Amino acid sequence: MANASGFFTHPSIPNLRSRVHVPIRVSRSGFCVSTRFSKRVLCSTVSSVDGVDKHASPSPSQYQRPRLVPSGCKLIGCGSAVPSLLISNDDLAKIVDTNDEWIATRTGIRNRRVVSGKDSLVGLAVEAATKALEMAEVVPEDIDLVLMCTSTPDDLFGAAPQIQKALGCTKNPLSYDITAACSGFVLGLVSAACHIRGGGFKNVLVIGADTLSRFVDWTDRGTCILFGDAAGAVVVQACDIEDDGLFSFDVHSDGDGRRHLNASVKESQIDGETSSNGSVFGDFPPKQSSYSCIQMNGKEVFRFAVKSVPQSIESALQKAGLPASAIDWLLLHQANQRIIDSVATRLQFPPERVISNLANYGNTSAASIPLALDEAVRSGKVKPGHTIATSGFGAGLTWGSAIVRWR
């Protein structure tokens with residue numbers, strides 16, 4: 001069952017209670033850890049039972065079941081990728097009624113990257129993942145799980161398996177998509193930790209990538225100025241519980257907020273027989289459909305973010321048992337500079353401890369946090385041992401925070 005930190009603890013197994021008494025302690029991330037054994041998987045069998053021939057085959061109930069001794073996990077590598085096509089505010093001013101000063105003052109954005117030509121979501125994700133693996137010194141064959149956090153897959157059924165193939169993960173590791181928009185990467189970190197701590201996985205590749213430019217109405221000044229395309233990735237690796245680098249998390253959703261930010265399915269508007277997909281039975285078969293462009297109420301999303309994100313980060317800090325002063329960096333989803341500044345002010349984080357690259361890339365959805373992290377690491381700003389409070393928030397509505405240590 002889930003504990004207060006959100007991680008899963010392992011319930012006791014009834015038929016072992018009378019046979020095995022293992023002293024345990026609870027780590028700060030919420031897992032029960034054996035203080036007697038150091039190996040992750042413990043297996044033993046019963047060689048003799050009172051009243052039973054010791055040479056006879058024991059029944060299933062006489063075996064002591066294998067148990068996982070939960071490990072810690074840590075971030076050991078990162079990477080990012082962006083399309084080559086740069087669209088500036090001045091470029092947008094040529095197609096909508098706007099200008100550089102108007103956009104920069106209200107959002108903090110000056111440029112964004114947009115897919116073009118042969119660019120693809122999978123291609124960006126593979127490039128970012130390759131860089132993360134190289135930094136982590138992990139080969140594709142050693143990856144146990146690929147988590148692709150995206151709301152804009154190239155294929156309706158997901159992108160993760162194509163990434164696994166392109167990377168050359170020859171052992172066919174489990175690969176699947178996580179759809180949570182701008183909160184996706186944080187939820188990917190949480191999922192990676194649960195797989196490592198509760199499932200015995202060793203190396204998990206977490207990718208945040210989106211190409212929202214394909215779902216933007218480029219005639220709508222309110223939304224087209226905001227979004228860009230990118231990919232970012234991290235490698236999360238199992239470690240000794242004492243070296244645990246994911247201290248806590250706090251995650252939420254509120255479906256009532258969907259009306260403020262969505263990209264809904266819309267039916268084909270084609271007249272005649274094709275509008276019903278060739279049907280002569282009224283509403284069956286269903287009409288062909290596609291997704292609408294992004295619809296957003298900016299004011300409501302702003303109110304939601306500046307209220308919910310500080311509360312979520314404070315909750316994550318409390319679960320980690322850390323004061324705000326223990327945090328080296330605040331890394332938020334790069335949605336709007338006004339949101340970033342407002343959250344930092346409410347949490348009393350000085351500007352010099354806030355990571356932001358929004359001006360260069362705009363809102364890249366699930367890619368924004370790992371993209372900003374990668375630039376901060378490679379520039380030398382974020383160093384090994386630094387503790388980061390990170391938070392994603394957006395469509396759903398969903399939001400989540402995590403307290404992590406880099407390497």
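Helix α10 is followed by Gly380, whose phi is positive, near 90°. The model is a predicted one, in which local features need pLDDT of at least 70, side-chain atom pairs count only at pLDDT 80 or more, and totals for chains, interfaces and linings use all residues. Residues are numbered from 1 along each chain as its sequence is written, and side-chain values use heavy atoms, with hydrogens and water left out. The secondary structure of the chain comprises 10 helices and 20 strands, where helices (H or I, at least four residues) and strands (E, at least two) are DSSP runs numbered from the N terminus.

**The chain as a whole**

- Of the 407 residues, 50% count as buried; buried means under 20% relative accessible area, exposed over 50%, and partly exposed in between, with a 1.4 Å probe and protein chains only.
- Among the contacts in the chain with a separation of 6 or more, 76% come from residues 24 or more positions apart; contact means heavy atoms within 4.5 Å.
- The chain exposes about 19,300 Å², of which carbon and sulfur atoms supply 51%; the areas come from the Shrake-Rupley method with a 1.4 Å probe, and for residues only the protein chains shown count as cover.

**The sheet containing β8**

- An open sheet of five strands has the order β5-β11-β10-β8-β9, with mixed pairing; two strands pair if DSSP finds at least two bridges between them.
- Strands β5 (72–81) and β9 (174–178) stand at the edges with a single partner strand each, so one side of each lacks a neighbour in the sheet.
- On average, neighbouring strands of this sheet are turned by 20° against each other, direction ignored; axes are lines fitted to C-alpha atoms, for helices over the stretch in contact, and angles run from 0 to 180 degrees between N-to-C directions.
- Strands β5 and β11 pair in the antiparallel sense over nine bridges, and Ser80 has Gly232 of β11 as its bridge partner.
- Nine bridges also join β10 (residues 203–211) to β11 (residues 229–239), and these strands run antiparallel; Asp210 has Ala230 of β11 as its bridge partner.
- Strand β8 runs parallel to β10, to which five bridges join it, and Leu147 is partnered by Val206 in β10.
- Strand β8 also pairs with β9 in the parallel sense over five bridges, and Val146 is partnered by Ser175 in β9.

**Burial in and around this sheet**

- Five of the five residues of β8 (residues 145–149) are buried, so this strand is largely enclosed by the rest of the structure.
- In a regular strand the side chains alternate between the two faces of the sheet.
- Leu145, Leu147 and Cys149 point one way from β8 and Val146 and Met148 the other way, and all are buried.
- Strand β5 is mostly covered, with nine of its 10 residues buried.
- Helix α10 (residues 368–378) lies across β5, β10 and β11 and runs at about 90° to β5.
- Nine of the 11 residues of α10 are buried, so this helix is largely enclosed by the rest of the structure; the buried residues include Ile369, Leu371, Leu373 and Val377.

**Gln237**

- Gln237 is placed in strand β11 and counts as buried at 17% relative accessibility.
- The C-alpha atoms of Gln237 and Ile76 are separated by 6.8 Å, although these residues are 161 residues apart along the chain.
- Leaving aside neighbours within four places in sequence, Gln237 is in contact with Gly72, Cys73, Lys74, Ile76, Val138, Ile196, Lys202 and Asn203.

**The sheet containing β12**

- Another open sheet of five strands has the order β12-β20-β19-β17-β18, and its pairing is mixed.
- The edge strands are β12 (246–253) and β18 (354–355), each of which pairs on one side only.
- Strands β12 and β20 (residues 398–405) pair in the antiparallel sense over seven bridges, and Phe249 stands opposite Ala402 in β20.
- Helix α5 (residues 184–199) lies across β12, β19 (387–394) and β20, running at about 125° to β12.

**Packing of α7 and α8**

- Helix α7 (residues 298–320) and helix α8 (residues 337–347) pack at an angle of about 40°, with their axes 9 Å apart.
- That angle makes α7 oblique to α8; angles under 35 degrees count as roughly parallel, over 145 as roughly antiparallel, 65 to 115 as roughly perpendicular and the rest as oblique.
- Residues making the contact include Phe302, Val306 and Ile313 of α7 and Ile339, Val343 and Leu347 of α8.
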